[in-house]
Amino acid sequence: MDTDSPDTPPPARPSPRMPPWLPRAMALGLVFFGLFLLADWAFHRLLGILIILVVALFVALAMEPAVAVLVRRGVPRGLATGLVFVGTFACVLGFLAALVTLLVETTTNLAHESPRLLDDGLRWVNRTFDQQFTLHDLSQRLLRESDLIEGYARTAADNAWGVSTTVLGGLAQLLTIALFSIYLTAGGPRVRRTVCSLLPPTRQQTFLHAWDLAIDKTGGYLYSRVLLAIVSSIAHGIFLAILHLPNPIALGVWFGVVSAFIPTFGTYIAAILPVFVALTVDPLDALWVIVFAVVYQWVQDYLLQPRITARTVDVNAAIALLAVLAGGALLGAVGALLAIPATATVQAFVSEYVKHYAVTEDPRIDQTTARRTRTPKPPSAK
């Protein structure tokens, strides 16, 4: 009998076996993916606490020089920390009280002076553009647009609860930052010792050096800003007193704090409130306030700030602006405030560990003289 007939099916091939390591690899992949999802979920949940800890750390670094001065004079560290933070809180509360007083008085004056300001504005518009507007026409138009005004009022009332919740949440965050800052400042030596105990001796020296740099740059930034705020407050207070504006001292303090702690645009933002105050007295005074703010911003940027911050925070103006924009994009207003001291700390730390070389003398570096262009020689005739 022929066994190789065409009707006989071919023998079945053995099925490929699964590699023994594949199930374990798939299980490990699922485990790592689950851990990644858990870590991502936890990071987003704890991001607010991490930001609070970072801000508290920078506040503690800024308070450290003042606390160290008191400790060197024999004051216990806990008491020194309390005195520094109480003084800081008193200054902040005084500034907020002055700001609230200014806002209330400015709003009241604007409410009293608004008819006169509207009348003066209408006379100027009628005289300039040859019109015949009256207050009666404006009031009738506002009454016709009452539905729109009512809609805005209803929207504001609906958002009142959300605004209140936001304010209360902000106050709770400020209180939490203050508590963490006090703990970190009072326990500064213990924190440094704990971190050093986790590092080898060579790494301990690097960590302590980085910590000292952070204290110098953060504290220097804070104290240079305070000095700039004092100078700005005195200058603006005197100028506003010359204009006979109400509350020139409080307005000067407002000007000084905002212009010093908000980089680049602080002076222009601070000028908004004094301009409104000046409008209730004389519109020409508002123009003088704007002119003085622009001139003082130039003086601060090119004369005062380079001399005051020369020994504290040496950051290029363009880099500082870029750091503020990046910090604001990442962490909002908090990131914008912390951007410059953080950048100065990183820059100082990196500059000490990056090798520098001597620069050869070359006129192309300084560009102090005009470059000479050589005219090509014509080819010699053969």
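This is a predicted model: local features need pLDDT of at least 70, side-chain atom pairs count only at pLDDT 80 or more; totals for chains, interfaces and linings use all residues.
**Entry 1: the largest pocket**

I began with the open space. The largest pocket holds about 2,000 Å³. I then looked up its lining, which counts 48 residues. Those closest to the pocket's centre are Val 59, Thr 88, Val 92, Phe 261 and Leu 337.

Which elements give two or more residues to this lining? I noted helix 1 (21–72), helix 2 (77–129), helix 4 (146–186), helix 6 (201–242), helix 7 (248–261) and helix 12 (333–353). Helix 2 supplies the largest share, with 10 residues.

I also sorted the pocket lining by class. I found 40 nonpolar and 8 polar residues, and no charged ones.

**Entry 2: helix 6 against helix 7**

Helix 6 and helix 7 are both on the pocket list, and I looked at how they meet. Their axes come within 7 Å and cross at roughly 145°. I recorded the crossing as right-handed.

On the helix 6 side, the contact residues are Leu 222, Arg 225, Val 226, Leu 228, Ala 229, Ser 232, Ser 233, His 236, Gly 237, Leu 240 and Ala 241. From helix 7, they meet Pro 248, Leu 251, Gly 252, Val 253, Phe 255, Gly 256, Val 257, Ser 259, Ala 260 and Phe 261. By class, the contact divides into 13 nonpolar, 7 polar and 1 charged. I was pleased to meet Phe 261 again, as it is also among the residues closest to the centre of the largest pocket.

How many aromatic pairs does a search of the whole structure find? My count came to 4. I opened one of them, Phe 207 with Trp 211, and found the ring centres 5.8 Å apart. The planes of these two rings stand at 55°, so I logged the pair as tilted. Phe 207 and Trp 211 are 4 residues apart in helix 6, which means that about one helical turn separates them.

Next I checked for cavities of 30 Å³ or more, and the structure holds 2.

The largest cavity has a volume of about 60 Å³. Its lining is made up of Leu 57, Ala 60, Leu 61, Glu 64, Arg 77, Leu 184, Thr 185, Gly 188, Arg 192, Trp 211 and Ile 215. Helix 1 gives the most, with 4 residues. Sorted by class, the lining has 6 nonpolar, 2 polar and 3 charged residues.

The second largest cavity contains about 40 Å³ of space. Around it I listed Leu 102, Glu 105, Thr 106, Asn 109, Pro 246, Asn 247 and Val 277. Which helix gives the most to this lining? It is helix 2, with 4 residues. The classes here are 3 nonpolar, 3 polar and 1 charged.

Technical notes. Residues are numbered from 1 along each chain as its sequence is written. Side-chain values use heavy atoms; hydrogens and water are left out. On a 1 Å grid over the protein atoms alone, a cavity is a set of points where a 1.4 Å probe fits but cannot get out, and a pocket is an open set with protein on both sides within 12 Å along at least five of seven lines; lining residues have an atom within 4 Å of a point. Grid points are joined across faces, edges and corners, and a volume is the space filled by probe spheres set on the points. Ala, Val, Leu, Ile, Met, Phe, Trp, Tyr, Cys and Pro count as nonpolar, Asp, Glu, Lys and Arg as charged, and the others, Gly among them, as polar. Axes are lines fitted to C-alpha atoms, for helices over the stretch in contact, and angles run from 0 to 180 degrees between N-to-C directions. A crossing is left-handed if the near helix is turned anticlockwise from the far one by less than a right angle, and right-handed if clockwise. Contact means heavy atoms within 4.5 Å. Rings of Phe, Tyr and Trp (its six-membered ring) pair if their centres lie within 6.5 Å; planes under 30 degrees apart count as stacked, over 60 as edge-to-face and the rest as tilted.
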